[in-house]
Amino acid sequence: MEWSDALCPQGLLVALPAGIDIVNFTVAFVLHAGGDGPKRRLLEQMMAQEDLSSRVKLAGAIPHEKARDFLLQGHIFVNASLTEAFCMAIVEAASAGLLVVSTRVGGVPEVLPPDVMLLAEPSPEDLLDALQEALLKVPNLDPIQQHNRVQAMYNWPDVAERTTAVYNKVLSTASDHDELLPRLIRYWSIGPWAGLVFCCIVVLLHWFWLFLEWQQPAADIDPAVDWPSIQDMLQPAQQLAQQEQRTQIDRDTEVEMESSTSRSKVV
């Protein structure tokens, strides 16, 4: 098993490895704890108290280039974070063929399908239950098939395309939404207290912008020139190559016609 302790509370970090030892399974296991930090001393104390030094290995900080080799040593990846936005670590673990057990926090539930990742509330008891369920699924796990699935879900060209689509959608949005009144209406809908706070901040920032506009009008500032895209930079070269190719074809055609004409005169 692999262990991720990023932003993990002391209760989860210490109680879960000790609790695994009492799960009634006949299959032996070794828990590899990846990562380093101030909680390492707590883990070492737990290992000594529970006599788990032979079944818990503290690998320390894992260099990124060696993360894959480290992940391939296990079958289950445990992410016990209290807060996460996306958590690239669970995607990397799933891509390496590991079954993922993670706390149900932040955007984690949206990252992987339920047959690849088991979710639990951020408590030792719920994590132990999810881990026990994961141990039953390990014999039926197909790492190669799971890797192919994750590879199809996440690849950088697709991520770049979706990111570009978001920016294009924002750029194509009508500028009326940026006016002060529509913005205040949107912020007010957040809630009675938070909406009021955000509206006050927006009004102050709007006044500050008016002051800056009065001090140095935007019309007096040179606009930033858009950097040409790779396609725009390559377009002249491509056009030149196409023109040279057409010229060469025309020359070959002329030479062939002259040769045909000469053969006709000889006959």
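The model is predicted, so local features need pLDDT of at least 70 and side-chain atom pairs count only at pLDDT 80 or more, while totals for chains, interfaces and linings use all residues. Residues are numbered from 1 along each chain as its sequence is written, and side-chain values use heavy atoms, leaving out hydrogens and water.

- An α-helix has 3.6 residues a turn, so residues three or four places apart point the same way.

**The chain as a whole**
- The protein chain has 10 helices and 6 strands; these are DSSP runs numbered from the N terminus, with helices (H or I) of at least four residues and strands (E) of at least two.
- Of its 267 residues, 27% count as buried.

**The α8–α9 pair**
- Helices α8 (residues 180–188) and α9 (residues 192–215) pack at about 155°, with their axes 8 Å apart; axes are lines fitted to C-alpha atoms, for helices over the stretch in contact, and angles run from 0 to 180 degrees between N-to-C directions.
- That angle makes α8 roughly antiparallel to α9 (the term applies over 145 degrees).
- On the α8 side, the contact (heavy atoms within 4.5 Å) is made by Leu 180, Arg 183, Leu 184, Tyr 187 and Trp 188.
- The α9 side contributes residues including Phe 198, Val 202 and His 206.

- Ser 102 is found in strand β5 (residues 99–103) and is buried, with a relative accessible area of 0%.
- Beyond its neighbours within four places in sequence, Ser 102 is in contact with Asn 79, Val 108, Met 117, Leu 118, Leu 119, Ala 120 and Leu 127.
- Ala 96 lies in the loop between α4 (88–95) and β5 and is buried too, at a relative accessible area of 18%.
- Leaving aside neighbours within four places in sequence, Ala 96 is in contact with Leu 71 and Leu 72.
- The C-alpha atoms of Ala 96 and Gly 74 are separated by 9.5 Å, with the two residues 22 apart along the chain.

Technical notes:
Parallel < 35°, antiparallel > 145°, perpendicular 65-115°, else oblique. Buried < 20%, exposed > 50% of the residue type's maximum accessible area, 1.4 Å probe, protein only.
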